[in-house]
Amino acid sequence: MNSAYTSKENDIKWITPTWSVPASIHAFTTTRSGGVSQAPFDSLNLGDHVNDSPIAVQKNRELLVAKANLPQFPVYLTQTHSTRVIRLPYAGDNLEADAVYTNQANQVCLVMTADCLPAVFCSKDGQQIAAAHAGWRGLCDGILEATVAEFSGEPSELCVWLGPAISQKAFQVGQDVVDQFCAIDAQAIQAFVPDSNQQGKFWGDLYLLARQRLHRLGIHDISGGEHCTYTEESLFFSYRRDNKTGRMATLIWRSE
């Protein structure tokens, strides 16, 4: 099923999952529209590590809270392509992590991306949620598995939405990446198509790799995966396309 586009202001767009979760669950991925940042970060850049104006980034983050009616100002991780998950509410000072989990209401789980795969998780009763940032390294090393491990109950009772990421037609990788995935799961070879123009290069499917990993855990209620951040330039930031660019956010929370 396709994602839905929502606009609450004239210039604000975000993409919401179409999935079977309780009405108390709210989730979406921002697009590049609706903020104050100037090119090449135009305009809703939420990343403070890309050399955008700190004032503009803070304003964009405040706009996100106001226009999406978030219950709190989100925790922004320092993402390092790791497999570390933090739990909210979080009282520590080490924000180097690539996933966020909570079982409490009004706690916003948020990750940022610009080609990497964002995934949000929800238990079917709506009591537990999480968001994960899965670049190919984190995906290969097990960030999705580490996120699922935070949930109590069976993985089969989880719903997952795969937010906008770079698609196979734009994601070229080398033999080393293929080998690393296949060393863990031989079926991963199905996610790589040889590049007919460059020997030793492949087109990689992050969406399929994620689905394979989730299926291995027993998760089959998976939606999303139809966007391409690289080719849909008007909607998304893309690091591979532009190098110097902004970041989208994918977030999920549960209301009371």
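Predicted model: local features only at pLDDT ≥ 70, side-chain atom pairs only at ≥ 80, totals over all residues.
Start by selecting residues 54–67, which make up helix α1. Its 14 residues reach 20 Å from the first C-alpha to the last, close to the 20 Å expected at 1.5 Å a residue. Now show the side chains of A56, V57, N60, R61, L63, L64 and V65, the buried residues of α1. Just past the helix, stop at N69, where phi is positive, at about 55 degrees.

Next, the sheet. Six strands form an open sheet with mixed pairing, and its order is β4-β5-β8-β7-β9-β13. Select 85–88 (β4) and 221–224 (β13): these strands stand at the edges with a single partner strand each, so one side of each has no neighbour in the sheet. On average, neighbouring strands here are turned by 20 degrees against each other, direction ignored. To look at one pairing, select β9 (residues 158–162), which runs parallel to β13 and is joined to it by four bridges. V160 is found opposite I222 of β13.

Finish with the cores. Select F121, L139, L144, L162, F181, F192 and L214, the residues with the most contacts inside the largest nonpolar core, which has 39 residues. Elements giving this core two or more residues include β7 (117–123), β8 (129–134), α4 (175–184) and α5 (206–217). The biggest contribution, five residues, comes from α5. Then switch to A97, C109, I129 and W161, which are among the 23 residues of a second, separate core.

Key: Residues numbered from 1 in each chain as written. Heavy atoms only, no water. Expected span 1.5 Å × (residues − 1). Buried < 20%, exposed > 50% of the residue type's maximum accessible area, 1.4 Å probe, protein only. Pairing = 2+ DSSP bridges. Axes fitted to C-alpha atoms, helices over the stretch in contact; angles between N-to-C directions. Core = buried A, V, L, I, M, F, W, Y, C linked by side-chain atoms within 4.5 Å.
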